[in-house]
Amino acid sequence: MSTPPSPPSGPGHSWPPPSPQPGWGPPPGYGQPHPEQALNGFALASLLVGLLCLPPLGIVFGIVALVQIARRRQRGRALAIVGLAVSVVMTGVMVLTVDRVATAVRDRMGAMGEFADVEGDLRDLDDLRAGDCFNVPGGDLLDDRPLTYKVDCAQTHHGEVTASKLLDLDPESVPESAEADRASEDECWKAQDAYAMDTWALPAYAEMFYFAPSRQSWRQGDRRLVCVIGTTEEERRGSLRQDAGSLKPEQSAFLRVANEVEFVLGRPPEGDLEDTLPEHQAWARTVYSALGDEAKVLEADKARPGLEKAVQAQLKEIEAARTAWQRTSQAKTVADFDRQWERALGTMSVETEKALRGAYGLSTEVPEWLLESPESPEGGSGRGPSSQPA
């Protein structure tokens, strides 16, 4: 039996470590693309096509690139993944955009087909002027920019333009903001009061609509506000125009001041009284002033035959109302303002005004919006309905 030799004796002598055993394994660098390997063309194409022209094709190119890179050990795997992800996202955006455009086109074409047999001339809304009557597809005056067909007012129509004017908005009033919408609505109420001065003579189904520039159209130079009396609820023929030129001087003079009182009463400041007491106090002073203007006109007419009794009754109520509104404007607390406001609204009666309008030869049919308006600070005196396209 043989024995292994003893290790060499002496310092610094030992057996050398055993040599590594031979075995199989991947050569160095196996599985890593060589710097000189070609970049897969579909990887680059996937990113470019997905970004620039046809995202669905970019998805296909990305998948092909990943398969080829794995088989051929080419460069570009990260690029293919990015191209595939970008193509998927862009395809989703494209599908959403196409769907929205198709929906808008279908709606517009449907509207055109729905009203294609309407007599009249297709006109741009901004080309219509005060006194023009028109129809819209389906009678939908709430459409943002409806197709408008100008017709003679003697024919059945959906709307009648009371004013078409260029807006001069305050720099801080951004189109479509609450401030801009209120300013547009105020302009159109005043335009309607000047166009159809005897507000009590308007039919119950008549509504005030206004079409103001959107933020986008404002940036493109659109500055036109179009005010309309809408009569879509019932079949309407004939114009509703009854301006100063079609009335007697005393009638138009009275209606001018009476409509101003009606307007300011129906437009108290927006917001809670607790937060806007100074604004409400200023508004009460405006009501007080408007009532004073009406009193001056009535004083000049109190000697006219047939007006004496009705005018004296109205002047008596106006005097009491002005005292009440003056106290309202001087209220120091919210609770006191609320009480004075309530009293001020109760100082004038519909029956007295009805008799006065009859004496002037005007309509005596009390409008529904006036009868339905609660005589309270929460409801104010009210006005007829108004609408803005969504």
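Here are a few friendly notes on this predicted model.

1. Ground rules. Residue numbers start from 1 along each chain as its sequence is written, and side-chain values rest on heavy atoms, without hydrogens or water. As this is a predicted model, local features need pLDDT of at least 70 and side-chain atom pairs pLDDT 80 or more, while totals for chains, interfaces and linings use all residues.

2. Overall picture. The chain has eleven helices and seven strands (DSSP runs: H or I of at least four residues for helices, E of at least two for strands). Of its 390 residues, 42% are buried (under 20% relative accessible area, 1.4 Å probe, protein chains only). Among contacts (heavy atoms within 4.5 Å) with a separation of 6 or more, 70% join residues 24 or more positions apart.

3. A helix pair. Helix H7 (residues 277-301) packs on helix H9 (residues 334-345) at about 30°, with the axes 11 Å apart; the axes are lines fitted to C-alpha atoms over the stretch in contact, and angles run from 0 to 180 degrees between N-to-C directions. That makes H7 roughly parallel to H9 (angles under 35 degrees). On the H7 side, the contact uses Leu277, His280, Gln281, Trp283 and Ala284, and on the H9 side Val334, Phe337 and Trp341.

4. Asp132. This residue lies in the loop between strands E1 (121-123) and E2 (133-135). Asp132 counts as buried because its relative accessibility is 15%. Its C-alpha atom is 5.5 Å from that of Val161, 29 residues away along the chain. Leaving out residues up to four places away in sequence, Asp132 touches Lys150, Cys153, Gly159, Glu160 and Val161.

Technical notes: Angles under 35 degrees count as roughly parallel, over 145 as roughly antiparallel, 65 to 115 as roughly perpendicular and the rest as oblique. Buried means under 20% relative accessible area, exposed over 50%, partly exposed in between (1.4 Å probe, protein chains only).
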